[in-house]
Every structure is written in structure tokens, then in C-alpha cells.
Amino acid sequence: MCGIVGIVGQSPAVPRMMESLKRLEYRGYDSAGVATLSKGSLERRRAPGKLDALAGLLANSPLEGNSGIGHTRWATHGEPTEANAHPHMTDKVAIVHNGIIENFKELKDELTASGAEFEGETDTEVVAKLLTRELETGAEPRAAFQTLLSRLQGAFALCVLVAGKENLMFGAREGSPLVVGLGDGENYLGSDAMALAGLSNRLIYLEEGDWVELTRDSVQVFDRANTPVERATSISQVATTMIDKGNHRHFMQKEIYEQPTVVAQTLGRYLDPNAGTIRLPDMPFDLKDVPKITLVACGTSFYAAQVARYWIEKIARVPVEVDIASEFRYRDPVYVDGGLAIFISQSGETMDTLAALRHAKDAGQHIASIVNVLGSTMARESDLVLPIHAGPEVGVASTKAFTCSLSVLASFAVQLAADKGEIDAATVANYVSELEHAPALMAKILSDDEKIESIARDIATARDILFVGRGIYFPIAMEGALKLKEISYIHAEGYAAGELKHGPIALIDENVPVIGIAPDGGLSEKTVSNLQEIMARKGKVVLLSDNKGSIADDMYAHFEMPPAGDLISPILYALPIQLLSYYAAVEKGTDVDMPRNLAKSVTVE
Ligand code: G6P
């Protein structure tokens with residue numbers, strides 16, 4: 001989603017801002033822009049499309065100045081045109097903004113009535129005009145900025161430059177993250193630690209309602225009541241080197257293929273193979289007393305939550321409620337005293353998940369978050385953080401964060417079961433040993449990728465594709481469908497195999513591939529019966545299983561999976577569905593890492 005960088009500096013700002021914007025590309029965007037202050041005047045360049053377009057513009061018409069603000073925009077109000085791109089500017093201020101100003105219409109009407117004219121449709125332009133009007137009344141910049149903030153409703157992170165004030169920048173955080181970077185004789189603002197990775201590793205995470213005034217050698221933070229406050233400085237762990245694709249064609253490909261390594265690293269943090277035990281961080285509550293678990297997330301993280309429900313209920317016998325974050329808080333959920341609410345989010349910033357976390361926190365639940373970004377807002381607002389240690393995930397379609405989240409959730413489920421007295425030490429040790437084998441099995445599956453690549457090429461021409469599974473493989477089917485539609489734009493749905501005959505089977509004909517996820521044992525025979533029903537209607541069945549069983553002769557294709565234990569199987573079956581989507585998207589020639597309309601980190605509702 002939108003990215004922000006701001007520099008109050010001592011050397012040319014544009015090259016450094018462009019590098020930061022490059023680091024922010026992974027969030028997803030459809031236009032970009034920068035503004036600088038040079039000899040007291042504000043100037044900007046903006047371009048729809050990728051950063052290359054902006055870089056081309058800057059090459060032809062450079063911008064000077066040591067202080068500047070930059071932005072990558074993911075369109076919300078108004079199309080991704082130059083006029084709607086940030087920074088928004090008047091002769092007095094330049095502003096970049098993430099989030100949504102909810103009362104922008106009313107503010108716009110007010111400004112229009114007093115003679116203001118607007119070039120685009122964004123809410124941010126309204127903010128720029130409102131601040132300008134304050135400055136025109138003769139207010140000092142700080143007072144004008146305070147008045148501005150008092151008028152805005154909604155969720156926003158703002159970064160502001162004022163004409164004639166090269167050694168000054170304002171920032172504000174209300175609902176959207178904003179981070180201060182501390183430099184030597186320079187200071188910075190960024191939408192996340194990644195934006196500032198090349199500039200500083202000393203960071204101050206602003207809290208909700210905070211605003212900040214930066215000069216080259218001072219940083220003053222104020223809270224919502226305009227009282228000066230001290231906020232802790234933390235040291236960023238984000239690597240300063242630009243993440244690259246290595247030998248891979250896409251980040252997504254790299255992230256799929258590095259899963260055996262990163263999952264091994266994650267498990268290394270949570271397992272003690274010698275002792276045959278699980279290691280969880282210290283907790284401010286006792287797992288054995290937890291009466292109920294609520295799991296909340298969005299997108300791929302939501303499917304990780306759904307898989308975890310099966311583990312937790314089956315192994316630990318604790319009731320679990322799972323919901324999509326955007327629905328959860330609006331349905332007035334019923335909490336149980338002493339309940340544990342777990343929020344799963346790669347970014348730790350997804351607005352809906354964060355709002356759900358705060359809802360549960362206000363209701364007195366214990367709060368845990370499973371995140372990839374350690375300094376993220378969710379991590380900072382949780383009682384317990386279970387990091388997934390996946391390393392930066394750049395591809396918009398989540399892959400390694402999914403399997404690493406699952407690895408953490410599986411470890412958690414086993415420990416919960418042990419603490420609840422549902423399993424003994426020997427069973428824990430068996431699970432630990434099973435988890436330990438996951439990375440090797442993942443590597444084996446990935447080494448057989450040519451087969452899945454050829455299946456993907458065959459099905460890439462389909463208009464609709466179904467994924468089916470039962471039990472714990474039902475969420476894997478839904479994740480498969482999500483992955484495929486995200487990056488290949490093929491319409492896909494994931495169904496519980498037993499539910500097909502209640503409607504979706506009407507879609508089946510010889511043009512509809514159906515991916516069946518059916519590891520041997522458990523419910524596989526029932527899934528296979530459902531696949532038979534599909535084949536009887538000429539559907540093209542692709543079976544993912546370690547046992548091709550009775551349908552071997554009739555199915556369209558079979559991808560052979562290694563036999564594996566029940567606990568790790570869902571983690572392993574994530575791989576062929578990722579590969580299938582990836583190679584289908586490559587076949588279709590889509591922008592795999594930055595699919596249309598999607599953003600990596602969704603910080604609006
Ligand atoms: C976006 C991404 C998805 C991701 C979801 C949740 O929609 O495109 O890939 O699963 O956000 O993100 P989170 O960071 O909360 O896991």
C-alpha cells in the first residue's frame with residue numbers, strides 16, 4: 001500500500017528518496033512522486049505507473065534540494081493519474097499521505113465555498129489546501145499543523161514540507177504507521193522501517209495520535225493533546241542492502257524456493273530437537289488456563305488461521321473461533337473471560353487486523369500476534385509476539401510467510417496441547433520430530449517442480465479453476481484459489497470437497513480443471529469420491545496426493561507428494577499450489593510480483 005519517505009537533510013534528497021521508494025515498491029503502488037525544497041521554493045515531479053517513469057521524468061528535469069518528501073501511491077480516492085499522485089502541493093506546502101481522510105468531502109465543500117480550486121479527486125489535496133489556508137491566516141507552521149490535525153478525521157500518516165523552511169518537516173500518525181529515523185545532522189520519516197533502511201537504523205515508532213516536528217538536528221514528538229512526549233528509540237533489524245531476486249526471475253519464485261531454508265530457520269527458533277520440546281517465548285498468562293482461542297486475520301494469513309483451527313481443536317481440544325478481520329469487529333463477537341485472541345499478519349500493519357486486535361484488547365482478551373515484521377504496530381500492541389522469521393517478503397502474493405506462520409502455529413498448537421495436559425511428553429517429541437522433517441520434504445517437493453510447471457502451463461488457458469479439499473486441506477484449497485486468482489487473474493474458488501454437489505458441481509464441464517488435495521489417509525477416500533463425481537462430468541482432475549489410488553487411470557494429471565505426518569502435511573501441500581499459481585501466471589505473462597490492483601500491506605479499511 002502507499003509508502004512514505006521524508007528527509008530533512010544535508011545532501012541532495014532525490015537520489016536517496018528514490019532509493020527508499022524502490023525499497024517500498026513491494027507494498028504495491030500505481031503512481032509515485034517526490035517534492036523538494038530548494039532555495040525556499042517547493043517543486044515536485046509525479047508520474048503514474050512504476051518508479052521508472054518517475055526516474056525518467058527526474059532525469060529530464062531534475063529536482064534540487066536537501067529536504068524532500070516522496071510517495072508511492074496505491075489508489076483509493078481517484079484513479080492513478082499524475083493529478084492524483086502525491087505529493088500534493090500549493091505554493092506554501094507539499095504533503096504526502098497514507099490512509100483515508102473520512103471527512104474530506106465536508107472539508108472540500110468548505111474550502112470550495114471559500115474559493116479553493118481542486119485539480120484532482122484525492123482527499124490529500126484537501127489536506128494541502130486546508131493547511132495552506134491556515135498558513136495564509138498568518139499562523140506559524142507549527143500552529144497551522146496543529147489546527148490541521150484537529151480538523152482531520154479518519155486514518156492517516158502525513159509528511160509535510162513548508163515553503164521557505166528547508167530545515168523543517170512535520171509528520172503525524174493516526175491509524176496509519178509512521179516512523180522517525182534518526183540521522184547525524186539529518187532526520188527522516190518513513191511509512192515503515194523498510195523505507196528508512198538505507199538512511200538510518202535508529203527508529204522512533206510514533207504512537208496513535210502522535211505528531212512530530214523534525215529539523216536536521218532535532219526531533220520533537222507530541223501526543224494527541226499537543227503535549228511533548230518521549231518515545232523510545234529502537235534499533236531496526238531490517239537489512240540495509242537492497243533485497244534482490246538472486247538468480248530468480250521473480251521475488252515470488254525466490255520466496256517459494258527459499259521456503260525449506262526459512263521454515264527450517266523458523267522451526268529452529270521454536271523447537272528444541274534434542275530435548276524433543278517446543279520453545280515459546282515467556283508469556284504474561286498461562287496457556288493451560290486459556291478457555292478459548294480467537295484467530296483473526298486477512299487474506300493468506302486468514303487461511304493460516306483456518307488451518308490452525310484444525311490443529312488446535314484436534315490436538316489441544318481448545319475451542320477456536322476464526323474470522324476475517326474486516327468482519328470480526330463489526331459482528332459484536334462474544335468473548336470469553338481469559339480468552340486468547342491471536343492475530344496473524346505478515347506485515348503486522350493490516351488495518352482491519354489491527355482494528356480487530358484493538359477490539360479484542362479493549363474487551364480484555366489476552367493478545368498474541370504472529371507477525372513477520374517485528375517493529376510492526378501489531379507486535380508492539382500485543383501481550384505476546386510469536387515472530388515468523390520469514391525474512392522480508394517482497395512478492396505481493398504471500399508464500400513463505402504462509403508456511404512460516406503455519407510452522408509457528410503448529411508449534412504453538414503442540415505446546416498448548418502439552419500445557420493443557422492433552423498430550424504427553426513422548427507425543428510432543430514425536431510432533432517435534434515430524435516438524436523437523438518438514439524442510440527436507442519441502443525441498444523434495446520443490447525439486448520436482450517441472451511436473452507442476454507443465455500442469456500449470458496446461459491449465460493456464462482455463463477460465464475457471466476449482467480447488468477442493470476436506471478437513472485441514474479445505475483452507476489449503478482456498479489458499480490455492482486465492483493465489484491463482486491474485487497473480488494469474490484466472491477465476492478460481494476453493495471448496496470443501498463434500499460441498500461441491502450442493503452447487504459448484506454445476507460449473508463442471510470439460511473446460512474446468514479441478515485441483516484435488518487429498519493426502520492418503522484420513523478423509524482422502526471421501527475427497528477421492530468427490531473427485532470421481534467431477535470426472536463423471538468430464539471435469540479435468542489434477543490430484544495432489546501421495547497415493548493416486550483408484551482414480552489413477554481417469555484423472556487428468558497427478559502430482560506425487562511425499563508421504564508425511566498429519567501435522568506437517570498442510571504445510572507441504574501449500575507448495576504445489578503456490579507453484580501451480582506461479583507457473584500459470586508466468587505462462588499468462590502477468591506482473592507476478594506486483595499483480596494489478598493489489599497491495600502487499602493493506603493499511604486502509
Ligand atoms: C494483502 C496481500 C495478501 C495478504 C493480506 C494480509 O491483501 O495482498 O497477500 O495475505 O494482505 O496481509 P498481512 O500482512 O496482514 O498478512
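Helix H8 (residues 299–316) contributes three residues to the shell around the ligand, the most of any element; helices are DSSP runs of H or I with at least four residues, strands are runs of E with at least two, and both are numbered from the N terminus. This is a predicted model, in which local features need pLDDT of at least 70 and side-chain atom pairs pLDDT 80 or more, while totals for chains, interfaces and linings use all residues. Residues are numbered from 1 along each chain as its sequence is written, and side-chain values use heavy atoms, without hydrogens and water.

The ligand is surrounded by 14 residues, and Ser301, Ser345, Gln346, Ser347 and Thr350 are the closest; a residue counts as near if one of its heavy atoms lies within 4 Å.

| Residue | Protein atom | Distance to a ligand oxygen atom |
|---|---|---|
| Ser301 | side-chain N or O | 2.6 Å |
| Gln346 | polar backbone atom | 2.7 Å |
| Thr350 | polar side-chain atom | 2.5 Å |

On its own the ligand has 390 Å² of accessible area, of which the protein covers 90%; such areas come from the Shrake-Rupley method with a 1.4 Å probe.

Five strands form an open sheet with parallel pairing, in the order S19-S18-S20-S21-S22; strands pair if DSSP finds at least two bridges between them. Strand S19 (320–324) and strand S22 (384–385) are the edges, each pairing on one side only. Strand S18 (residues 293–297) runs parallel to strand S20 (residues 340–345), and five bridges join them. Phe343 in S20 is the bridge partner of Val296.

Methods
A polar contact is a pair of N or O atoms within 3.5 Å; within protein, one must be able to donate a hydrogen and the other to accept it, and residues adjacent in sequence count only if both atoms are side-chain atoms.
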